[in-house]
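Subject: Structure for you to look at, with notes

Dear colleague,

Please find the structure below, followed by my notes on what was found in it. I would be grateful if you could read the notes with the structure open beside them.

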Amino acid sequence: MPVPFEALIPLGIIVSMIGVTGTLLNYTKRIRHEGKPPRISLDTWDTQMMERDRRLTGSAHRQSSNPIAPKEFSTNSVWY
């Protein structure tokens, strides 16, 4: 029984499109999170720390190693 080679072309297209879609999805998620992998299963502590990082650095995904907070942090509060 011969192998139907004409069926391998659409199969190759489908498999390559799935690979391209997965790669682009991973790339867009990493770009959105500034090159870091996306955070999953966030609890209250993680959410509060992301808000703190956003107020300190301007981005929820960057962290500061400076032990002294900038002067703007004293007036930049989550309590309005």
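Helices (DSSP runs of H or I, at least four residues) and strands (runs of E, at least two) are numbered from the N terminus, and the expected span of a helix is 1.5 Å times one less than its number of residues.

Before the details, some notes on the basis of the values. The model is a predicted one, in which local features need pLDDT of at least 70 and side-chain atom pairs count only at pLDDT 80 or more, while totals for chains, interfaces and linings use all residues. Residues are numbered from 1 along each chain as its sequence is written, and side-chain values use heavy atoms, with hydrogens and water left out.

The overall layout comes next. The protein chain is divided into domain 1 (1-38) and domain 2 (41-79), with bounds that come from an automatic or database domain assignment, and the C-alpha centres of domain 1 and domain 2 lie 37 Å apart. A pair of residues gives a further distance: Tyr-27 and Ser-74 are 47 residues apart along the chain, and their C-alpha atoms are separated by 36 Å. Thr-57 and Lys-36, for their part, are 21 residues apart in sequence and 16 Å apart in space, taken from C-alpha to C-alpha.

Tyr-27 has its place in helix α1 and is exposed, with a relative accessible area of 54%, where buried means under 20% relative accessible area, exposed over 50%, and partly exposed in between (1.4 Å probe, protein chains only).

Val-3, Phe-5, Leu-8, Leu-11 and Val-15 make a nonpolar surface patch of about 510 Å². Patches are made of residues with over 30% relative accessible area and no salt bridge, with like charges joined within 9 Å and nonpolar side chains (Val, Leu, Ile, Met, Phe, Trp, Tyr) within 5 Å; the areas come from the Shrake-Rupley method with a 1.4 Å probe, and for residues only the protein chains shown count as cover. Val-3 is found in the segment before α1 (8-32) and is exposed at a relative accessible area of 52%.

Two residues in the loop between α1 and α2 deserve a check of their backbone. Most residues other than glycine have a negative phi. Glu-34, which is in this loop, has a positive phi of about 60 degrees although it is not a glycine, and at 41% relative accessibility Glu-34 counts as partly exposed. Ser-41 is also placed in the loop between α1 and α2; its phi is positive, near 45 degrees, and Ser-41 is exposed, with a relative accessible area of 70%.

Within α2, the buried residues include Met-50, Asp-53, Arg-55 and Leu-56, whereas Thr-57, found in this helix, is partly exposed at 26%. α2 is followed by Gly-58, which has a positive phi near 95 degrees.

Glu-51 is partly exposed at 28% relative accessibility, and Arg-54 is partly exposed with a relative accessible area of 38%. Asp-53 forms its salt bridge with Arg-52, the closest N and O atoms being 3.0 Å apart; Asp-53 counts as buried at 6% relative accessibility, while Arg-52 is partly exposed at 33%.

Key. Salt bridge = Lys/Arg side-chain N within 4 Å of Asp/Glu carboxyl O.
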